Every structure is written in C-alpha cells, then in structure tokens.
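Please walk through this protein with the sequence and the coordinates side by side. The account starts at one side chain and widens from there.

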Amino acid sequence: MIALKKDGTAETAGWTVTDPVTDRWVQSRHWTDRFDKKIRQARSYVSSMLLLFEDGTFAFHRDTDSRQTVNGPVRLLPEESEAFVLTEIDDFISLNGTAIGQWICPEDGPGTGALSHITAMYCSDQDSLLMFTDEGNVLAAQITGYGAEEEDPVSEMPDWSQWTHLEGFCAVWAPRGDGVEGPCWIVAGLEKDGTVLAWPVFTAEALAGWSDLKEVRLEHTYALGLKKDGTVVSAGFNGYPAPDVSSWTGIAAIRLFTDFCVGIREDGTLAFAGEHVFMREGHEKK
C-alpha cells in the first residue's frame with residue numbers, strides 16, 4: 001500500500017514477511033527514500049509500485065528490482081495494471097512488453113490531439129486498454145504481446161460510443177474466479193446528475209438507485225460511491241458482502257482494494273473497512 005502526501009512525499013506499508021507470527025503491517029520506506037524529488041502520482045499493484053515525479057520522470061519497482069526510467073517525460077500513470085505509462089508527447093511506454101493493437105473506440109483511432117485529453121488509463125495486461133478523457137468520453141484499444149496476440153478476440157464490452165460527457169469513470173479487470181463468469185471488465189461512469197452508468201448487468205443492478213454522487217470506485221466484488229455530502233454508500237456483487245462504511249463522514253476521496261477499502265477524510269486522515277489485516281481483532285484502526 002502506498003499513500004501520497006500533500007507535500008509530495010509518500011508513505012508505504014507492506015506485509016512483514018520476516019515476522020509473520022506478529023501478523024503486522026510495517027512502514028516500508030526503503031526504496032521511496034532513494035529519490036529526492038516530489039511525487040505527483042503514485043500507484044501500487046500486487047507486486048509492484050510506480051511513482052511519477054513532478055519533473056516527469058518515474059520510478060518503477062517490482063519485487064526486489066527497482067529502476068528509474070527517463071523516457072518521456074511522463075505525464076500519466078495507469079490506474080489498473082502497470083502495463084503502460086503515457087508521456088507528455090502522447091506516446092505509450094510499455095513496462096511489460098505489451099503494445100497498442102487495434103483501436104476499439106473510435107474504430108479508426110483517436111484523432112489528432114485526442115490522446116492529450118486522457119486523464120486516466122485502465123489496462124487488463126492481456127486484453128485491452130481503457131482510457132477516460134477530460135471531455136468525459138471513453139477510448140478503448142486492444143493490446144498485443146505479453147500473452148495476447150492481435151488475432152485474439154477481445155472480451156465483451158459495452159458500446160463505448162454511448163459513454164460520453166461523463167463526470168467520472170472507473171474500471172477494473174476481473175479475472176475468472178473473482179465472483180464473475182469472466183474474465184471481463186467491470187465499469188462505471190458517473191453522470192452529470194450524480195447517478196451511475198454501469199456494466200455488466202450485475203454491476204448496473206447493484207448500483208441502481210445511487211444518486212447525488214461525486215465519485216464512484218469499483219473492485220471485483222464490490223463498489224463504493226462517495227456522495228456530495230461526504231458520506232459513502234457500498235454494494236456487493238454476485239452475493240459478495242459490501243464493506244460497512246455507514247459510519248464514514250467527512251470523506252473527500254475513496255480507494256478500493258480486493259479485501260479492504262480506504263476513505264480519505266477532508267483533514268487528510270484515513271478510514272478503513274473490510275476484511276484485511278488492518279481490520280482483524282487486536283489491531284488498531286487508524
């Protein structure tokens with residue numbers, strides 16, 4: 001887990017494999033301290049981390065290997081998967097051997113300058129790349145390499161041409177066995193009136209009736225919606241329970257993980273809910 005602070009520094013925490021008996025998470029700043037730069041964006045994944053610095057360079061850390069790459073400068077890190085970063089000149093840099101293949105939406109590819117409007121990217125590693133623009137539209141492309149080939153069929157998707165003029169967007173790639181028939185994309189778009197456009201059907205049904213939202217976030221088995229009054233609503237998918245966030249107030253942003261979720265309060269402190277080690281009996285909830 002990595003938390004980006006307002007001063008451009010990062011706090012990281014991870015499972016202590018050297019002392020599993022204590023069942024404790026520890027501060028783990030051993031590699032982020034190597035860079036004397038302010039951080040603009042930070043992402044953590046299953047076995048890797050990405051940091052984007054204010055000067056456009058980024059650090060990529062996977063397991064015990066850490067390196068800094070200056071091909072760019074980079075302006076955007078992916079929200080889902082560490083497959084690509086996007087540079088200031090609108091080039092995609094692959095970190096795992098994948099490449100952009102055929103465009104799905106628009107079918108003839110983005111027009112001149114369209115990539116400069118991208119504000120978020122979500123990648124399935126072996127299937128497709130979804131992008132959200134500051135104009136509220138969704139772009140989509142097939143990816144090749146790293147186990148996927150150009151002739152491989154792309155997973156079923158909604159008609160992205162209908163996903164326009166949105167206030168926000170969130171997507172998560174659900175592998176087979178994560179509560180879905182999958183693998184598939186689970187996606188949600190925030191409409192200007194505070195309601196949600198979601199796909200596939202089980203997601204749309206679970207989020208039906210949500211309103212007055214300013215942010216929506218997804219995981220494989222549940223979703224959270226941040227309301228404009230600072231409270232949070234939750235819903236589980238396919239029989240999975242939803243985290244209990246009924247007591248959360250004063251929330252400014254939300255982040256989701258497989259078995260726990262985090263609310264970032266307006267004062268910069270954190271609220272946790274879920275079944276993670278943070279929540280286990282005998283551990284302090286901070």
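A polar atom of the S124 side chain lies 3.0 Å from the backbone nitrogen of D127. The side chain of S124 also reaches the backbone nitrogen of S128, at 2.9 Å. A polar contact here is a pair of N or O atoms within 3.5 Å; within protein, one must be able to donate a hydrogen and the other to accept it, and residues adjacent in sequence count only if both atoms are side-chain atoms. This is a predicted model, in which local features need pLDDT of at least 70 and side-chain atom pairs pLDDT 80 or more, while totals for chains, interfaces and linings use all residues. Residues are numbered from 1 along each chain as its sequence is written, and side-chain values use heavy atoms, without hydrogens and water.

S124 sits in the loop between β12 (118-123) and β13 (128-133); strands are DSSP E runs of at least two residues, numbered from the N terminus. S124 counts as buried because its relative accessibility is 7%, buried meaning under 20% with a 1.4 Å probe and protein chains only. Leaving aside residues up to four places away in sequence, S124 touches W173 and W185, with contact meaning heavy atoms within 4.5 Å.

Next comes a sheet. Strands β15, β16 and β17 form, in that order, an open sheet with antiparallel pairing; two strands pair if DSSP finds at least two bridges between them. β15 (168-174) and β17 (196-199) are at the edges with a single partner strand each, so one side of each has no neighbour in the sheet. Between β16 (residues 184-190) and β17 there are four bridges, and L190 has V196 in β17 as its bridge partner.

Key: Buried < 20%, exposed > 50% of the residue type's maximum accessible area, 1.4 Å probe, protein only.
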